[in-house]
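Please keep the sequence and the structure in view while reading.

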Amino acid sequence: MKVLIALTDQSFLRTKSMGIFNVSMGLAKGLMTCPEITELHILGNNECKEAFADVPPHVHVHLTDMPVPRRFKRVWWDQIGLSAAIRKIAPEWAILPKGVPPFLPCLKKTKLACYVHDVMWEHYKQRPAKDRKGPFPLHEFIYFSRLSLHAMRISDLVLTHTQFNADRILHYQPNARIARIGIGFDDTPPLNVVCEGQRDILTYASTFPHKCTALTIQRISEWLARRNDADNIRIHVVGSMAPDMKLPDSRWIHHSRIPFHELRELLRKSCRMAVYFSDYESYGMPPVECLLNGVPCIASDIPPIRENIPAQYLFLNSSAESFIQTANATYDGEIPFVCPAFPNWNEVAQRCVQAMNAANGIR
């Protein structure tokens, strides 16, 4: 099987979680190990050039000196450059790990597999009018939401990772051929590494309204107000914050976006617990990443997160008491640490190949 995977439209330098890096780079590396793929082509940019400097002979890396396309260059690449590159290489399958296809693909005999991660635009349309504005301009919202619907319609295979997401895709495209291949994690399954000296907690911030940054600060503040040891607890806030949002006091430390190896070190050396609020997820990777680093993470009780982390770590966004009870039980060690088994990227890539073979009519 001759396969192409496109990574050119993505930045890999800094992230508050594995996020895009995990899904795109991980899948590309996993595909290298699949014996059914005799020729793998990777469309990369200059940010991922080093990651593919030493690849097996059957792997071919293209466009590694190309910068990550921005603004109108991004639109040109999505709509014209990507199709031209795929036609030139002429693979049997083209995989788009961000699920953003051209409106007029013109791929000749190449089949298209789009990894559709969410229907976020649906969530924002359902919010009250005052809460609908996100961090992106309206024209970008329209562009990507329409591309998402387009991906569901034209893909020969729609890849996704949770049952929640698969159900939402089928709501809009009942005839879509969906393969729920999951997400891979290549960290070694951990022991619980938290010790008495680790007193801090880690939480996440975002300019996206569905990430509930204001509610995160409010609930953690309410929790701290009830604890006798609150003065000894620092709160590490990782991610982007709106300019008008302030942290309560000096115990709160803002890290903005940091490389993942720094996030891992912060979790393993300093944190007793992590906290993750969200109104909407298609998967919810940060809680899983915390568990894989030996740190319990309490998180919002919403469907996709419920699929991926133990119920003992879930709380209701609407209830301060639910959050405080879960936080106390977790922070004080009353709940035994549990980390479920998660697939690695070799396993996920093999599921992807099996889905492509099934779409080809090969068992």
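## Overall composition

The chain contains 11 helices and 13 strands. The model is predicted. Its C-alpha trace spans about 65 × 45 × 40 Å along the principal axes. The radius of gyration is 21 Å, which agrees with the value near 21 Å for a compact globule of 363 residues.

Of the 363 residues in the chain, 55% are buried.

## The seven-stranded sheet

Seven strands make up an open sheet with parallel pairing, arranged in the order E3-E2-E1-E4-E5-E6-E7. Its edges are strand E3 (59-62) and strand E7 (178-180), each of which pairs on one side only. On average, neighbouring strands of this sheet are turned by 20° against each other, direction ignored.

Threonine 160 has arginine 180 in E7 as its bridge partner. Helix H11 (residues 345-359) packs on the sheet, where it touches strand E1 (2-6), strand E4 (93-96), strand E5 (111-115), E6 and E7. The direction of helix H11 makes about 135° with that of E4.

Isoleucine 42 belongs to strand E2 (residues 39-43). Is isoleucine 42 buried or exposed? Its relative accessibility is 0%, so isoleucine 42 counts as buried; the cut-off for a buried residue is under 20%.

Isoleucine 42 and isoleucine 5 are 37 residues apart in sequence, yet their C-alpha atoms are 5.1 Å apart in space. Neighbours within four places in sequence aside, the contacts of isoleucine 42 include Ile5, Leu7, Ala28, Met32 and Phe52. Isoleucine 42 is also in contact with Val59, His60, Val61 and His62.

Helix H6 (residues 213-225) has 13 residues, and at 1.5 Å a residue it should span 18 Å. The end C-alpha atoms of helix H6 are 18 Å apart, which agrees with that expectation.

The buried residues in H6 are Thr213, Thr216, Ile217, Arg219, Ile220, Trp223 and Leu224. An α-helix has 3.6 residues a turn, so residues three or four places apart point the same way. The buried residues of H6 pack against strand E8 (200-205), strand E9 (235-239), strand E10 (252-256), strand E11 (271-276) and helix H10 (320-331).

## Two loop residues with positive phi

Most residues other than glycine have a negative phi. Alanine 90 is not a glycine, but its phi is positive, near 55°. Alanine 90 is placed in the loop between helix H2 (71-89) and E4. With a relative accessibility of 44%, alanine 90 counts as partly exposed, as this class lies between the cut-offs of 20% and 50%.

Lysine 108, which is likewise not a glycine, has a positive phi of about 55°. Lysine 108 is found in the loop between E4 and E5. How does lysine 108 count, buried or exposed? Its relative accessibility is 75%, and lysine 108 therefore counts as exposed.

Definitions and conventions:
Residues numbered from 1 in each chain as written. Predicted model: local features only at pLDDT ≥ 70, side-chain atom pairs only at ≥ 80, totals over all residues. Heavy atoms only, no water. Pairing = 2+ DSSP bridges. Helix = DSSP H or I, 4+ residues; strand = E, 2+ residues; numbered from the N terminus. Axes fitted to C-alpha atoms, helices over the stretch in contact; angles between N-to-C directions. Contact = heavy atoms within 4.5 Å. Buried < 20%, exposed > 50% of the residue type's maximum accessible area, 1.4 Å probe, protein only. Rg over C-alpha atoms; globule rule 2.2 N^0.38 Å. Expected span 1.5 Å × (residues − 1).
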